[in-house]
Amino acid sequence: ANKDVTKTIAKGKGSCDSGDKFYPVFCLGGEVGYKTCVPPKGGCEDGEECPKVGLITCDKDAGCPAFFQDGASKKDDMTSGAVCFFLALVILIGCLIGLVTLLQKMLMGVSTRIIYKATNVNGYLAMLIG
């Protein structure tokens with residue numbers, strides 16, 4: 001994520017609606033990469049062509065994410081974020097269902113009786129522990 005977007009909005013120098021400072025995304029030479037798409041820390045010198053990135057930006061170590069594209073608008077970035085969020089929810093729900101199924105199958109049979117004996121305590125003591 002591009003931390004400059006939140007900093008600029010917090011300082012009152014921009015808004016989420018305008019986005020003119022961050023959109024459209026511009027990479028130097030049309031080549032997508034960290035060095036060509038992310039502006040330098042100190043900013044660009046006068047007259048020098050300067051890249052622009054929106055909400056989704058490239059990372060120095062990992063490079064550019066899968067949904068990053070040169071010339072992207074704010075709508076494109078928001079669509080990419082929504083797709084990533086949906087995929088993350090699907091993967092999370094799938095993992096949770098698998099975990100519950102695995103635990104349920106592991107605890108069937110002999111281990112169920114052992115757990116029942118280990119947790120068979122007085123009701124008042126169980127409430128106190130809980």
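**View 1. Leu92 on helix α3.** Leu92 has a relative accessible area of 48%, so this leucine counts as partly exposed (between the limits for buried, under 20%, and exposed, over 50%, with a 1.4 Å probe and protein chains only). Its place is in helix α3; helices (H or I, at least four residues) and strands (E, at least two) are DSSP runs, numbered from the N terminus. Please keep in mind that this is a predicted model, where local features need pLDDT of at least 70, side-chain atom pairs count only at pLDDT 80 or more, and totals for chains, interfaces and linings use all residues. Residues are numbered from 1 along each chain as its sequence is written, and side-chain values use heavy atoms, with hydrogens and water left out.

**View 2. The nonpolar surface patch.** Leu92 belongs to a nonpolar patch of about 1100 Å², whose members also include Phe85, Ile93, Met106 and Ile115. Helix α3, residues 74-106, gives the most to this patch, with ten residues. Patch residues have over 30% relative accessible area and no salt bridge, and nonpolar side chains (Val, Leu, Ile, Met, Phe, Trp, Tyr) are joined within 5 Å, like charges within 9 Å. A salt bridge here is a side-chain nitrogen of Lys or Arg within 4 Å of a carboxyl oxygen of Asp or Glu. Areas come from the Shrake-Rupley method with a 1.4 Å probe; for residues, only the protein chains shown count as cover.

**View 3. Val83 and Phe67.** Val83 also lies in helix α3 and is partly exposed, at 35% relative accessibility. Its C-alpha atom is separated by 9.3 Å from that of Phe67, 16 residues apart along the chain.

**View 4. A patch of positive charge.** Lys7, Lys11, Lys41 and Lys60 gather on the surface. Lys and Arg count as positive and Asp and Glu as negative, with His and the chain ends not counted; each charge is placed at NZ of Lys, CZ of Arg, CG of Asp or CD of Glu. Lys11 lies in the loop between α1 (3-10) and α2 (34-37), and counts as exposed at 61% relative accessibility.
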